[in-house]
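I opened my notebook today to look up a sheet and a few charged pairs. Come along and follow the entries with me.

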Amino acid sequence: MRRRDFLKASGAVAFAAPALLRSAAAVDTVSLYDIEKFGNARILHMTDTHAQLRPVYFREPSVNLGIGEMWGRPPHLVERAFLDRYGIRSDSAEAYAFTSFEFEKYAVRFGRMGGFAHLKTLIDKLRTDAGDHRSLLLDGGDLWQGTGLANAMHGADMVSAANLLGIDAMTGHWEFTYGEEALRANLARFKGEFLAQNVFLTEEAAFNDAKAFDPGSGRVFKAATIKEIGGARIAVIGQAFPYVPIAHPRRFTPDWTFGIREEELQKLVDALRGADKVDAVILLSHNGTDVDLKLASRVTGIDVILGGHTHDAIPQPVAVSNAKGATLVTNAGSNGKFLAVLDLDVGKGRVADARYRLLPVYSELLKPDAAMQALIDQTQQPQVAAWSEKLATSDRLLYRRGNFEGTTDDLICAALRRELDAEIALSPGFRWGPTLLSGQSILLEDVLAQTAISYPETYVQRMTGAAIKDVLEDVCDNLFNADPYLQQGGDMVRTGGFSYRCTPSEPIGRRISDLTRDDGRPLEAGKSYKVAGWASMNAQDGKPVWDVVANHLRNGQLVLTGPNKVTLSGVDGNPGFASQS
């Protein structure tokens, strides 16, 4: 589309923040990215890009259920409920960016999003507009992982891109899955700061004098940094993903403990406010939105939480009251689709006012930065030939993101069953991985963008129907536990070869029922089944999953059709469920 037509089709919405913030002025339709100057400090925030250096399609979820207190609250709104909440036209560019509503139709119209060369252009403009020494660029983690190239280089390609982009500080999650040696090598090259207040040495590692930023406290990394911006002292605290050793193999981080570390965080905030006399405190978080909302209600003194991990694109901050005031909670989406702009009016010891926008990064509207494009081309060139093999053509939309199902995961499960001769397949509910449109070629590079992790080995084992149900119950509890601190993010484990009923509002042990094989027979509790899977905590000698999926596609297979695998109960009227999905 031509720029003029694109802007006409866009709703050109400026998303005003809630009561704590003044309403933002409308975006000038001449440019979505000309933002009225405000305050004395501009904080730019990106998160969960998952190494997507080039523009991508990425379909937002049509199922994102909120349970208990989170029922109908952001981020658990999808499609019509989301559009109505934020006053977005259903035929607008914003609807395409923020929801899955008629995704394929509008993907053709509005094109791919993100891309580091386009982000570089936008970031440079916004920083220039703010003025010298008046801006920060922060990254919320999951920057180094998500493509075959990043996996092969252990994230080194993304460090180079981050340096050119000008990231001032970041925290982490998947970055830890390359192991300590690779992580520290990357950080030695990174020009910004890596912050993580909630990563400590184990007792044994501390006794053995393992490397730590602060041996006295046992903190492995720098907890916070103070930046002078626009005459104000602004503290940025890093909050890494709290559950790294639980969600990933322990062997990657054997000397480190994680956790939310609420008590340590409060002490740190108090010290920054007291002894260091900062004027504003920002938490750069990879907790996930629901966890951040609870944290904001319990830890005082934080002005804004810039969140990540759960890939929630939330146009407006959520104001959360606590014992000493309020904290704004945000989350900036994923895959480079969005860039958050937080403009602060900071006075002595306080934030007087703030304005926030979550800008969709439309690659059609942004001229790619030449230096960044050259870096991307140079970095990717050695793998272009090997990973450009066309494996198949997609006969449907291939997407991953959604609480229970995605067609990309259907493909992975089909490959696991057929190639490993298994009755049942289980695949992790990862939230990363770009979307492919119907009719689009599936390249080996695309398969890697859905599977490239540092523990990709496949496995085959015997499991009883009862054990399979236990796996489903355990993962479901991670997703729908009423206490956000007991949620670990991610989506429901994907399945192949059987269907089941899920009632998310029930307690653990009672959420999963009616397990039925594809041929209509029940999955029997006491019977043993041949199960194939990948991303196991223990398997280290199986064929990499990307080889399994690639071979499956080379053999002319795409997705095994069958009955709907998940039937949801107790979700009628939940705004996080789009009935047409």
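Is Arg89 buried, exposed or partly exposed? I looked it up: Arg89 is partly exposed, with a relative accessible area of 40%. For my own reference, buried means under 20% relative accessible area, exposed means over 50%, and partly exposed lies in between (1.4 Å probe, protein chains only).

A note on the source: I am reading a predicted model, where local features need pLDDT of at least 70, side-chain atom pairs count only at pLDDT 80 or more, and totals for chains, interfaces and linings use all residues. Residues are numbered from 1 along each chain as its sequence is written, and side-chain values use heavy atoms, with hydrogens and water left out.

**Entry: salt bridges**

I began with a reminder that side chains of opposite charge can pair when their charged atoms come close. I count a salt bridge when a side-chain nitrogen of Lys or Arg is within 4 Å of a carboxyl oxygen of Asp or Glu. Searching the whole structure gave me 35 salt bridges.

Arg89 has Asp91 as a salt-bridge partner, with the closest N and O atoms 3.0 Å apart. Asp91 is partly exposed because its relative accessibility is 33%.

Next I turned to Asp491, which meets Arg401 in a salt bridge of 2.7 Å, N to O. This pair links distant parts of the chain, 90 residues apart: Asp491 is in strand 19 and Arg401 is in the loop between strand 15 (390-393) and helix 14. Helices (H or I, at least four residues) and strands (E, at least two) are DSSP runs, numbered from the N terminus.

I also found Arg431 in a salt bridge with Asp491, at 2.9 Å between the closest N and O atoms. Arg431 sits in the loop between strand 16 and strand 17 (441-443), 60 residues from Asp491. Arg431 counts as buried because its relative accessibility is 8%, and Asp491 counts as buried at 4%.

I jotted down one network too: salt bridges link Asp34, Lys125 and Asp129.

Which order do the strands take in the open sheet? I read 18-22-16-19 for its 4 strands, with mixed pairing. Strand 18 (458-464) and strand 19 (491-496) are at the edges with a single partner strand each, so one side of each has no neighbour in the sheet. Two strands pair if DSSP finds at least two bridges between them.

Strand 18 pairs with strand 22 (residues 528-534) in the antiparallel sense, over 7 bridges. In strand 22, I found Tyr529 as the bridge partner of Met463.
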